[in-house]
Amino acid sequence: MSKFALAMLFGGASLAVALPAYGERNSLSMLDHLDSGDWELRQRDGAGQSNICLDNGRKLIQLRHQGLNCSTVIVEDTPNEVTVQYTCRGQGYGRTHIRRETDGLIQIDSQGIVDGRPFVYAAEGRRVGNCRS
């Protein structure tokens with residue numbers, strides 16, 4: 001086989017791997033479809049609740065490591081559930097599972113290490129209105 005034919009064979013094969021399949025959706029697209037606005041996160045153990053202004057559902061992945069630049073690995077990515085494992089170098093790590101019931105109601109389970117201490121967080125998230133300014 002000539003060098004040109006080999007180059008075309010390997011070049012075409014690498015192009016096929018690099019391009020997404022027709023109709024394939026973006027990673028974590030379930031989180032992108034959650035309704036934006038003010039969300040109430042009510043912990044399942046009754047330990048309390050908090051609110052978050054959600055403009056992007058991906059913010060829910062790192063609730064205990066907000067604003068940190070962390071590396072992520074997608075463990076599960078289906079139309080109604082995602083699981084993401086993340087590592088924040090020198091700051092800890094976590095694993096978050098989010099299940100969508102509707103675009104305004106979700107279940108969150110997250111656990112990991114923050115500030116050298118373990119955490120477990122289980123909550124129901126519900127959109128409750130528009131974000132306050």
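## Fold and basis

From the N terminus on, the elements of the protein follow the order α-α-β-β-β-β-β-β-β.

The model is predicted: local features need pLDDT of at least 70, side-chain atom pairs count only at pLDDT 80 or more, and totals for chains, interfaces and linings use all residues. Residues are numbered from 1 along each chain as its sequence is written, and side-chain values use heavy atoms, with hydrogens and water left out.

## Disulfide count and pairing

A disulfide is a covalent bond between the sulfur atoms of two cysteines. The criterion applied here is a pair of cysteine sulfur atoms within 2.5 Å, and by this rule the protein has 2 disulfides. With the bonded cysteines numbered in sequence order, the pairing is 1-4, 2-3.

## Cys-53 to Cys-131

The sulfur atoms of Cys-53 and Cys-131 are 2.0 Å apart. The torsion about their S-S bond is about 110 degrees, so this disulfide is right-handed. Cys-53 belongs to strand S2 (residues 49–54), while Cys-131 sits in the segment after strand S7 (117–129), so the bond ties together parts that are 78 residues apart in sequence.

Cys-53 has a relative accessibility of 41% and counts as partly exposed. Cys-131 is partly exposed as well, at 29%. The classes are set by relative accessible area: buried is under 20%, exposed is over 50%, and partly exposed is in between (1.4 Å probe, protein chains only).

## Cys-70 to Cys-88

Cys-70 and Cys-88 form a disulfide with an S to S distance of 1.9 Å. The angle about the S-S bond is 95 degrees, and the link is right-handed. Cys-70 lies in the loop between S2 and strand S3 (71–77) and Cys-88 in strand S4 (residues 81–88), so the pair connects parts that are 18 residues apart in sequence.

Cys-70 is buried, with a relative accessible area of 12%. Cys-88 also counts as buried, at 2% relative accessibility.

## Whole-chain totals

Of the 133 residues of the protein, 31% are buried. The protein exposes about 8700 Å², of which carbon and sulfur atoms supply 51%; accessible areas come from the Shrake-Rupley method with a 1.4 Å probe, and for residues only the protein chains shown count as cover.

Contacts are defined by heavy atoms within 4.5 Å. Among contacts between residues at least 6 apart in sequence, 45% join residues at least 24 apart.

Definitions and conventions. Helix = DSSP H or I, 4+ residues; strand = E, 2+ residues; numbered from the N terminus.
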